[in-house]
Amino acid sequence: TMATLGEIRARVTGILVQALGVEAGDVTPSATLFGDLGAESIDLLDIVFRLGRGFGVKIPRGELFIEPFFREDSEFVQDGRWTEEGLEALREQMPYADLGHDAPPGGIAELFTVDLLVRYIAWKLEGRGGAVACSTATAPVMSGPTPR
């Protein structure tokens with residue numbers, strides 16, 4: 001059975017509602033986990049656990065919520081904007097994120113939107129990311145810029 005992006009989004013929404021105690025209506029594709037949905041770093045472990053269990057995928061530590069080697073004052077972010085090096089490193093770390101030159105300037109926390117989680121799960125279900133999915137479910141991954 002193929003999981004569609006709509007089905008993935010619906011399940012991700014349900015998981016975030018449970019994990020963060022937010023209203024389903026607030027879980028829009030562009031909502032950021034930290035800013036809009038009020039997630040704290042402690043919630044990330046719970047979200048990763050629930051996503052892994054809910055979709056039957058293995059989520060290695062640091063693959064989805066990448067380790068914060070992106071410091072605000074590093075070569076990756078300068079004056080609140082991503083540098084070329086930063087974007088390149090980011091694309092390498094997060095191949096599912098579909099980052100153009102318009103990665104949010106607010107740093108790493110701004111990247112973690114509901115849409116990013118949906119893309120990540122679709123990417124995992126396609127069997128990319130080196131993890132063995134429990135089923136052969138695949139999902140089409142949208143390409144092109146994310147609608148704002």
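Where in the chain is Gly25 found? Gly25 sits in the loop between α1 (5-20) and α2.

## About the model

This is a predicted model, in which local features need pLDDT of at least 70, side-chain atom pairs count only at pLDDT 80 or more, and totals for chains, interfaces and linings use all residues. Residues are numbered from 1 along each chain as its sequence is written, and side-chain values use heavy atoms, leaving out hydrogens and water.

## The overall fold

Let's walk along the chain. The protein chain has five helices and two strands, arranged in the order α-α-β-β-α-α-α. Here helices (H or I, at least four residues) and strands (E, at least two) are DSSP runs, numbered from the N terminus.

The protein chain has 148 residues, and 43% of them count as buried. Buried means under 20% relative accessible area, exposed over 50%, and partly exposed in between (1.4 Å probe, protein chains only). Among contacts (heavy atoms within 4.5 Å) with a separation of 6 or more, 57% link residues 24 or more positions apart.

## A closer look at Gly25

Back to our opening residue. Gly25 counts as exposed because its relative accessibility is 63%. Along the chain, Gly25 and Thr13 are 12 residues apart, and their C-alpha atoms are separated by 9.1 Å.

## Glu75 in its loop

Now for another loop residue. Glu75 lies in the loop between α2 (41-55) and β1 (77-78). Is Glu75 buried or exposed? Glu75 is exposed because its relative accessible area is 53%.
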